[in-house]
Amino acid sequence: MATRLQFENNCDIGVFSKLTNAYCLVAIGGSENFYSAFETELADAIPIVKTSIDGTRIIGRLCAGNKNGLLVPHTTNDQELQHLRNSLPDSVVVQRIEERLSALGNCIACNDHVALAHTDLDKETEEIIADVLGVEVFRQTIAGNILVGSYCALSNHGGIVHPHTSVEDLDELSTLLQVPLVAGTVNRGCEVIGAGMTVNDWTAFCGTDTTATELSVMDSIFKLREARPTSIVEEMRKSLIDTYA
Amino acid sequence: MSFVLPHSHRPKSNKSCSKLLLAVIGKRFQMSRRPSGRRLSKPQPLAFSPFMRFAFASSTAKRKLPHPQDCQCSEEITFDEKLPNLSKKAKKEELSDSSDEEDSQGEDVQADFEFFDPKAKDFNGVKILLQHYLDDKEWDLTSFVDLILEQTTVGTVVKVADDEDESVFAVVTALNLGRYKDNKCFRQLKEFLVKICSEKSVASELQMLLEKKARDVGLLVSQRVMNLPPQLLPPLYDGTFDEVSWATEDEPTEELRKSFRFKTYLIVTKIYKLKNPKQRKPRRGEEEIEETVFLKPEDELFLELSSWSFTYPMRSQLVTSQEMKNYQLMGLVMAVEAKRIPEFRQMLNSLIDE
């Protein structure tokens, strides 16, 4: 079941946090309600790390990662990088990359197996993504938007994309990503799904403005109702090519 | 809030000094008669946000005002002879200043702004504008925005013509404190105002307005993006106050009609105050340092006409430029008597005409 919360009156949870199957990053400066919501859901399963990137709180949009690794932009301080390396599990490789497009969270959408990348990313960056995150990288657009990380929320079970994505695009993306996709919104009609919510295999967080309909779409596409942390280990990845119109 | 979304519905810029702003905007928004057939071709930079996209489109600046039908009023509006015939949905006002447009590096911003009644789909845009209405207090902003959008009789939302994203650039409305006093968001608003009021002399007046006299008090909510051209302000405010007076006649029930007979307007806004006023003496040749910088020019007029006001330090900071480093963001709360509004309208018109 997805959790609804706010960061200082702001419903864009995907901006101030980054959730993966192995760790969770949250921005500094939020109220205690914000952290306790994460802790309630995730406490024993994965570490929750408070951090900033380049002194800012918009960490969700600046970094991209999955259970294998975390990519941070070149603007990250040395102290922040060290803090991340110390706090995250050893299995997670933290890599700072030199890339002109520094808002990696907006440019890259990934789960543990595949990643969608901004069409203008450097070749070296694409290789680093494939290497560090252990994914297959596809340069794609979503509903004509090149900022794939902003307009899509992706987990190993499914994904939500920009509401104006055509059925053909949905089919194509679904085939590439090998997960079911649905075109939807979050936070009461907001199209920037990647910024509005964050998700992993067993839980999701979205803003308090999210309607019940949006919440039920999330629960169904990300298969959150029955999921528990151990499900990731036990369940086989399904190669369904399934689309929800 | 200083976060940046890729396709931001919040096209704020860094300029916050209102005097500089007026000078720059005055230059940029030179109205000129569009020569037929000629389109200025400017290099189109990569622009993601809707604001930046329209900023590089070329057309003369026009203002369209809502048709009386939309305002749910039965009065005829008279305009001066510059206007062409009424169309179904909007009126066009062609402003024909014949001064030349200075094309500084092709950065002229030309735009068509339209005024609309608030609609439910404006929710996200209006919410973003009101994010810092009560500083960083966590309150029921969602319901507050819902109330604004439900009140279609009084309230205006400013958007850009032909913008497929329909981003909201400004919102102005007046909400009766007594009518909505049972809503949680209004209770939180009152709590906040009472808490931050540090001046004892004003605190009792504030309390009275919030409790006893609430039925006659209108909360004037006016928020917009920073670089919005000031030429929009007179019609925007004129429209709002006109809507209030039409509502006193046109609302279906007597109670609603009474609720718009405001005696006082309560305004919550932001200003910049010099951090150390005594230390800044203007040297020879340097511009005089202003003690207070008004982000919105009409705030200066309201303050002049207000019955009382107080400021409070704000914890959240807006994105500022180098010249604002000596200033601190302060919240300003003031009460303006309704009978002084015609004076305000006159002053605003003459201020903008300068």
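Where in chain A does Asn200(A) lie?

1. Asn200(A) sits in the loop that runs between strand S14 (197–199) and strand S15 (204–207) of chain A. The model under discussion is a predicted one, and the points below should be read with that in mind. Although Asn200(A) belongs to a loop, its relative accessibility is 2%, so Asn200(A) counts as buried, the limit being under 20%.

2. Turning to the nonpolar cores, the largest has 88 residues, and the members that touch the most others are Tyr133(B), Phe144(B), Phe186(B), Leu193(B), Leu219(B), Leu266(B) and Phe302(B). The element that gives the most to this core is strand S10 (residues 327–337) of chain B, which supplies eight residues.

3. Leu266(B), one of the core members that touch the most others, can be examined through its contacts. With its neighbours within four places in sequence left aside, Leu266(B) is in contact with a list of residues that includes Leu177(B), Leu193(B), Leu206(B), Leu209(B), Leu210(B), Val217(B) and Leu219(B), and also Trp308(B), Val333(B) and Met334(B). Among these contacts, Leu193(B) and Leu219(B) are also named with the core members that touch the most others.

4. Helix H4 (residues 141–150) of chain B is largely enclosed by the rest of the structure, because seven of its 10 residues are buried. The buried residues are Leu141(B), Thr142(B), Phe144(B), Val145(B), Leu147(B), Ile148(B) and Leu149(B), and they pack against helix H3 (123–129), strand S5 (168–176), helix H5 (184–196) and strand S6 (217–224) of chain B.

5. The contact between the chains draws 16 residues from chain B and 23 residues from chain A. The area buried between them is about 1,800 Å², with carbon and sulfur atoms giving 49% of it. Across this interface there are eight residue pairs in polar contact, both residues of each pair being at pLDDT 80 or more. On the side of chain B that touches chain A, H3 and H4 of chain B each supply at least two residues, and H3(B) gives the most, with three residues. By class, that side of chain B has eight nonpolar, four polar and four charged residues.

6. Two salt bridges are found across the interface of chain B and chain A. In one that crosses between the chains, the side chains of Asp209(A) and Lys127(B) meet with N and O 2.7 Å apart. Asp209(A) lies in the loop between S15 and helix H9 (212–221) of chain A, whereas Lys127(B) lies in helix H3 of chain B. Both Asp209(A) and Lys127(B) are buried.

7. Over all chains the count comes to 16 salt bridges. One of them joins the side chains of Arg139(A) and Glu126(A), at 2.6 Å from N to O. This pair links distant parts of the chain, 13 residues apart, with Arg139(A) in strand S10 (residues 136–139) of chain A and Glu126(A) in helix H6 (residues 123–133) of chain A. Arg139(A) counts as partly exposed at 30% relative accessibility, whereas Glu126(A) is buried, with a relative accessible area of 16%.

8. Arg257(B) forms a salt bridge with Glu254(B), in which the closest N and O atoms are 3.5 Å apart. Because these residues are three apart in helix H8 (residues 254–259) of chain B, about one helical turn separates Arg257(B) from Glu254(B). Arg257(B) is partly exposed, with a relative accessible area of 21%, and Glu254(B) also counts as partly exposed, at 42% relative accessibility. Elsewhere, Lys121(B), Asp122(B), Lys159(B) and Glu166(B) are joined into one network by salt bridges that share partners.

Technical notes: Residues are numbered from 1 along each chain as its sequence is written. Chains are lettered from A and ligands numbered from 1 in the order in which they are written. This is a predicted model: local features need pLDDT of at least 70, side-chain atom pairs count only at pLDDT 80 or more; totals for chains, interfaces and linings use all residues. Side-chain values use heavy atoms; hydrogens and water are left out. A nonpolar core is a set of buried Ala, Val, Leu, Ile, Met, Phe, Trp, Tyr and Cys residues joined through side-chain atoms within 4.5 Å. Buried means under 20% relative accessible area, exposed over 50%, partly exposed in between (1.4 Å probe, protein chains only). Helices (H or I, at least four residues) and strands (E, at least two) are DSSP runs, numbered from the N terminus. Contact means heavy atoms within 4.5 Å. Buried area is the accessible area (1.4 Å probe) that two parts lose on being put together, summed over both. A salt bridge is a side-chain nitrogen of Lys or Arg within 4 Å of a carboxyl oxygen of Asp or Glu. A polar contact is a pair of N or O atoms within 3.5 Å; within protein, one must be able to donate a hydrogen and the other to accept it, and residues adjacent in sequence count only if both atoms are side-chain atoms. Ala, Val, Leu, Ile, Met, Phe, Trp, Tyr, Cys and Pro count as nonpolar, Asp, Glu, Lys and Arg as charged, and the others, Gly among them, as polar.
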